[in-house]
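Let's take a walk through this structure together, starting with its aromatic rings and ending at its strands. Please have a look at the sequence and the model first.

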Amino acid sequence: MRSTLKMVGTARCAVRSNPIAQRLRTAQWAVPTFVAVSLLAGSFVANAGSLSSADIKNLLARIRDKRAQAPQAQADFEEEKAVHLLNKPIISSGKVWFQAPNKFRREVKGNSPSVTVSDGRQLWIYYLNFTSAEHYSLGKRSPLDAAIATINTALNLENVEDTFQINGAKMDPPQTGYDLELTPRSISTKRMFEKFRLRLNNDLFAERTEMLQPNGDRIVTTYSNQTRAPIAGSIFEFVPPPGTEISTPLGR
C-alpha cells in the first residue's frame with residue numbers, strides 16, 4: 001500500500017519535496033488490494049435492511065468460506081481521490097490481483113502509471129515514467145507493516161471483528177448485496193482512517209470501497225470484472241528493469 005508518482009530530472013526533485021505530491025503518493029499506496037466500496041460520505045442507503053450482530057457474523061463466515069475455496073481474486077478498478085489540498089479529485093484506473101493472505105499486485109494506468117507488488121515479504125512500487133522504484137522490506141514490525149496489515153484486514157475481512165466495529169445493511173431491490181461500515185477500534189488505526197465502507201454483491205465480491213481519512217480526504221474505488229480464477233505466481237514477483245533507480249525509504 002503506498003506511493004505513486006514522480007518526474008524526470010528537476011521534476012522528480014519537485015515531487016519529492018512537494019508535500020502535496022507526497023500526500024497523494026501516500027494516499028494511493030494506502031489502498032492496494034482487491035475490493036470495492038460504497039456510499040458517499042455518510043450512512044447506508046435508504047430502505048436497506050439493517051443487519052444484526054448475528055447476521056454480520058454469518059456474513060463474515062460466508063466470506064471466509066468463499067476465500068477458503070478460492071483464495072485468489074482479481075478485478076479492474078476505477079478510483080477517485082478527493083484531497084482537501086486540491087480543487088479537483090484525482091482519477092485513476094487499473095487492475096488489482098490478490099492472493100490470501102497477503103500477496104497483491106496493483107497496476108495503475110494513465111498519466112502517472114505505476115506498479116505496486118508485494119509477495120508478503122517485500123513491497124515494490126515502480127514508477128514507469130521515471131524508471132524508478134521504492135523497495136520496502138516487510139515483517140520488521142515497522143509502521144508500514146502495521147498499515148498494510150490494517151488495510152488487508154479491512155479489505156479481506158480476516159479477523160476483522162478484533163480491529164473494527166462493524167455495522168451492516170442488506171440492500172433492498174432493485175439493488176442487491178450488502179453494505180458494511182467498519183470503524184477502527186484503536187487510536188493508531190483511527191490515525192489512518194476514520195471509516196471504511198464496503199459494498200458487496202450477492203456473490204460476495206466487493207463492488208465499491210470508500211475510505212474516509214482523518215484530514216477529510218476520501219478515496220472511493222469501484223471494481224468490475226471480478227473473478228476468483230487462479231493467478232500465476234509470477235504476478236506477485238517483481239524484478240526492477242535494467243537502469244531502474246532504486247530507493248529504500250525505510251532502510252533495508
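W124, Y126 and F238 come together as one aromatic cluster. Keep in mind as you look that this is a predicted model. In total, the structure holds four aromatic pairs. One of them joins Y126 to F238 in a tilted arrangement, with 5.6 Å from centre to centre and 45° between the planes. Y126 belongs to strand 6 (residues 122-127), while F238 sits in the loop between strand 12 (218-227) and strand 13 (245-247), so this pair ties together parts that are 112 residues apart in sequence. Y126 is buried, at a relative accessible area of 11%, and F238 also counts as buried, at 18%.

Now turn to F164 and F193: their ring centres are 5.8 Å apart and their planes meet at 10°, so this pair is stacked. Here, too, distant parts of the chain are linked, since F164 is in strand 8 and F193 in the loop between helix 6 (187-190) and strand 10, 29 residues away. Both F164 and F193 are buried.

Strand 8 (residues 164-170) leads us on to strand 9, with which it pairs in the antiparallel sense over seven bridges. Strand 9 also runs antiparallel to strand 10 (residues 195-200), joined by five bridges.

How many residues of strand 9 are buried? Seven of the seven (residues 178-184) are, so the strand is largely enclosed by the rest of the structure. Y178, L180, L182 and P184 point one way, and D179, E181 and T183 the other.

How values were computed:
Residues numbered from 1 in each chain as written. Predicted model: local features only at pLDDT ≥ 70, side-chain atom pairs only at ≥ 80, totals over all residues. Heavy atoms only, no water. Buried < 20%, exposed > 50% of the residue type's maximum accessible area, 1.4 Å probe, protein only. Helix = DSSP H or I, 4+ residues; strand = E, 2+ residues; numbered from the N terminus. Pairing = 2+ DSSP bridges. Phe/Tyr/Trp six-rings, centres within 6.5 Å; stacked < 30°, edge-to-face > 60°.
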